[in-house]
Amino acid sequence: MTSRLAPAQPASTGRRFPDTASIGGELAGGFASAIPGLVYALTLGLLAFGPLGTQHVEIGLRAGFAAAVFGGVAAALASGTQLPATGPRASVTLVLTGFVLLLAQEPTLGLEEVVSLASLCVIGAGVIQLAFGALGLGAIVKFVPYPVV
């Protein structure tokens, strides 16, 4: 009786790199994943800055693009996993939209101030998340009821 088992592989070093034969497929898969993710991020950027009006669509598109790019870089650098799943979320975008709406209704604030304050809010939320991760406070999520999460 012949064995159909594959020969033993050498011990893994922890990182696996694609071989040259599969690099085309890896790139195609990366693009296939990135394009819908970018469209989603741009759409959420438009939603977040929609209260500024249609004349400021470009701000929303730039914000969505920045969220996709810089959010991914930040997650890759600060994450404890090899492949962090990250990207803008609709729930967080709705909260930010409400904040932008409140700022846009303030007559003493101009466009630059509204965008700056919204950006500062997002950066502040990211710093808080990094602090929670560094302090190991992510474990407290087990005390939050599941319907809230």
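The model is predicted, so local features need pLDDT of at least 70 and side-chain atom pairs count only at pLDDT 80 or more, while totals for chains, interfaces and linings use all residues. Residues are numbered from 1 along each chain as its sequence is written, and side-chain values use heavy atoms, with hydrogens and water left out.

**How the helices pack**

Helices here are DSSP runs (H or I, at least four residues), numbered from the N terminus. Their axes are lines fitted to C-alpha atoms over the stretch in contact, with angles from 0 to 180 degrees between N-to-C directions.

| Helix pair | Axes | Angle |
|---|---|---|
| α1 (residues 23–48) and α2 (residues 57–78) | within 7 Å | roughly 135° |
| α3 and α4 | within 10 Å | roughly 150° |
| α1 and α3 | 8 Å apart | about 25° |

**Who touches whom**

Contact means heavy atoms within 4.5 Å. Residues are classed as nonpolar (Ala, Val, Leu, Ile, Met, Phe, Trp, Tyr, Cys and Pro), charged (Asp, Glu, Lys and Arg) or polar (the others, Gly among them).

From α1, Tyr40, Leu44, Leu47 and Ala48 reach residues of α3 that include Ala90, Leu94 and Val100. This contact has eight nonpolar, two polar and no charged residues.

Between α3 and α4, Leu96, Phe99, Val100, Leu103 and Ala104 meet Val114, Leu117, Ala118, Cys121 and Val122. These residues divide into ten nonpolar, no polar and no charged.

**The largest pocket**

A pocket is an open set of points on a 1 Å grid over the protein atoms alone, where a 1.4 Å probe fits, with protein on both sides within 12 Å along at least five of seven lines; lining residues have an atom within 4 Å of a point. Its volume is the space filled by probe spheres set on the points, which are joined across faces, edges and corners.

The largest pocket has a volume of about 1,400 Å³. Of its 39 lining residues, Ala67, Gly71, Val122, Gly126 and Gln129 lie nearest the centre. Helices α1, α2, α3 (90–104) and α4 (111–134) each give two or more residues to this lining.
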